[in-house]
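I opened my notebook to look up charged contacts and the space around them. Here is what I went through.

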Amino acid sequence: QVQLAESGGGLVQPGGSLRLSCSASGSLFSINFMGWYRQAPGKQRELVAGITSGGSVNYAGSVKGRFTISRNNARDMLYLQMSSLKPEDTAVYYCYAATPQGYWGQGNQVTVSS
């Protein structure tokens, strides 16, 4: 079992920055992938960025160069640094972990608006 808790969302103006954090607990040794997904109203949930247990990262094309995924050495914290935010980045952002069974955080609203 893995438990995930996100923090750091909120309202930001276009061009601004936010950092999302995800605290993981439980069977951390069994996690082989962690990532950030987002879901905008009326749209499907999509992968924003992911990192494997080996450290390989991947990004959605729409956020490449603007978002950075990272984790701490203990692998119990996952971060998403978001810069140059656009209104189309507005969504609920979810932390995800796979063991390979999938676990989700509760979601955190990010709103980009002037």
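This is a predicted model: local features need pLDDT of at least 70, side-chain atom pairs count only at pLDDT 80 or more; totals for chains, interfaces and linings use all residues.

I began with Asp89, which forms a salt bridge with Arg66, the closest N and O atoms being 2.8 Å apart (a salt bridge is a side-chain nitrogen of Lys or Arg within 4 Å of a carboxyl oxygen of Asp or Glu). Asp89 lies in the loop between β8 and β9 and Arg66 in the loop between β6 (57-59) and β7 (67-71), so the pair ties together parts that are 23 residues apart in sequence (strands are DSSP E runs of at least two residues, numbered from the N terminus).

Residues are numbered from 1 along each chain as its sequence is written, and side-chain values use heavy atoms, leaving out hydrogens and water.

Next I checked Asp89 against Arg38: they form a salt bridge too, with the closest N and O atoms 3.0 Å apart. This pair links distant parts of the chain, as Arg38 sits in strand β4 (residues 33-39), 51 residues from Asp89.

Which residue forms a salt bridge with Arg38 at 2.7 Å? I found Glu46. Glu46 is partly exposed, with a relative accessible area of 35%, while Arg38 is buried at 6%.

I logged three salt bridges in the structure, and Arg38, Glu46, Arg66 and Asp89 are linked in a network of them.

Conventions:
Buried means under 20% relative accessible area, exposed over 50%, partly exposed in between (1.4 Å probe, protein chains only). Helices (H or I, at least four residues) and strands (E, at least two) are DSSP runs, numbered from the N terminus.
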